[in-house]
Amino acid sequence: MNQVDSEPMIVQPRGWRKGLRYALLIFTALLFIAPAFWMLSSALKPNYEIFAIPPVWWPSSPRWENFRDALTALPFGRFALNTLLIAGFSIVGHLISCTLVAYAFARFDAPGKGFFFVLLLSTLMLPYPVTMVPLYIIYSRLGWVNSFLPLIVPAFFANAFYVFLLRQSFKQTPPDLEEAARIDGANTLQVLWHIVLPISTPALATVAIFTFQATWNDFLGPLIFLHDQSKYTLTLGLSFFRSSYDVNWAYLMASSLVISLPVILVFFLAQKAFIQGVGYTGSKI
Amino acid sequence: MRDVKSRIHHSSIMRSPRKRREAITFYLFISPWLLGFLFFTLGPMLLSLYSSFTDWDLLTSPVWVGLQNYSDAFADALFYQSLKVTAIYTLLYVPLDLLGGLMLALLVNARMRGVRFFRTVFYLPTVFSGVVFVVVWLWMLNPRGGLINLALSQIGIEGPRWLMDPDLALYSLVMMSFWGWGRSMVIFLAGLQTIPGELYEAAAIDGANGWQQFYKVTLPLLTPTIFFNLVLSVIFTFQTFTSAFVATDGGPLDSTLFLVLYIYRQAFQFLNMGYASALAWILFAIILVLTLIVVRSQRFWVFYLGEKAQ
């Protein structure tokens, strides 16, 4: 994984230092947990406890119906479906396009390769507002505005960050197997499919997970390109919910929690996948 | 190996059929990105540059106005306000994020029971979408029902109006950003893993205490990570949008009118596509200059292991 041969340095505190470190950890953790606690507690409160004085830290009888009521106040099921659709297509698009591009940069030589690699990386610096206005103009001429196309199609044309990530992973695997397969008569796509992809699953999973998180949480894109409420994504729906005149904080917290569950779940599953992935590549080389 | 070989054969690339086939395959494989670059990046950039010299409301054809949009910007009080807001926010947010992320990373970089739990707690808020993040803090900072003011009232303090107070709104946004320190924590943790332990052993033998080890070993060897974090942080913070749009919608009294929010309004609320494009290019120029300054400053403070110290 890292370039250093020796063991990295990890502190192993003892005695009062250990106690102090635990105290700091617990204090900081409380600060980080407080908003999440307040989100859950408020999501379960009946309306009269939300602004109650003296404050109600935890609802006397948790009102689980809030979740049902919040999620039916707006068509959140529809929003979830829209978001899933965009996320699913974006993942497929990124996996196909970024794999091809990254493999080319990792394994093939060609005149101009260095130039194009620098060009690819420099697009990471371009602020989105520079292209968002002209893209809106182009998409509206194409009749794509108010459809999912502006949020899906670009994913099929690769993304600099994920290309870079996959290229690093491809470069780390020795080319011997691929060359052997090629001598046996496999063409480049067969080599890619049968040899390279199976040993690169951790990196591919990373790209899929990052893409899922990014599309699930995207806000500016849907805000600009989706106009009808029936086309809204979850974040857009939540923001619309928040800006309605009669803000119901219990409902707002309940829906915030629910729409975050998938990314939280993926995070916990992925944590394991990442560790396994690192161990896997480590043992194979 | 491959790179050296390719350089040697560079002159004969087009003469060898194998090399030529390889080059064709290369361009075939990168064609998705190349096409995407033309259609989704370069094309729009040129269109944006062109429209920044025009008056364009999308309904009628663009009218060439030369540098008018740019000179308008420099006479536009709201543009200066948005620049000021964005600059103050970046100036506070970026150092706090670096410091906070480093602190958290050092705290959890220990071999102790339960440390993985703490790492998860610190990282988890960053998986929330920007909208959820902001909505949660809108409620935390609500003057009446928010946890912060309720907690303050328990010790007899009447809390301020936070995001609804024009003097406090921007600083409230800075304050709540601590909940996202987990992102830079993870990058710092990865940076800490690359510091060889034997350097600490050597320092300890030389009689360096904990603080000296931190100043003489950890900090210098983390400068590449700090540099990486700093560049990314500046680029992204200057483009802050969601928190301003969802939390305050630029208010109260334009006290949180971020530059990208102003560009969004000009483009999609007032349909001033030309003016919005000009503002976007000014933003791009600022980001470029800031990045360049940070990159140039590298040689004064970034230390790479294996290079001679300067």
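**Notebook: a helix pair and the domains**

The model is predicted, local features need pLDDT of at least 70, side-chain atom pairs count only at pLDDT 80 or more, and totals for chains, interfaces and linings use all residues. Residues are numbered from 1 along each chain as its sequence is written, while chains are lettered from A and ligands numbered from 1 in the order in which they are written.

I noted that helix α4 covers residues 76-107 of chain A and helix α11 residues 201-217 of chain A (helices are DSSP runs of H or I, at least four residues, numbered from the N terminus). Their axes come within 9 Å and cross at roughly 145° (axes are lines fitted to C-alpha atoms over the stretch in contact, with angles from 0 to 180 degrees between N-to-C directions).

I then listed the contact residues (C-beta atoms, placed from the backbone, within 7 Å). Among them, A:Ile86 and A:Leu95 belong to α4(A), and A:Val207 and A:Phe212 to α11(A). The residues of this contact are ten nonpolar, five polar and no charged (Ala, Val, Leu, Ile, Met, Phe, Trp, Tyr, Cys and Pro count as nonpolar, Asp, Glu, Lys and Arg as charged, the others, Gly among them, as polar).

I turned next to the domains (bounds from an automatic or database assignment). Chain A has domain 1 (15-63) and domain 2 (70-284), with C-alpha centres 34 Å apart. Their contact takes seven residues from domain 1 and six from domain 2.

Methods: Helices (H or I, at least four residues) and strands (E, at least two) are DSSP runs, numbered from the N terminus. Two residues are in contact if their C-beta atoms, placed from the backbone, lie within 7 Å.
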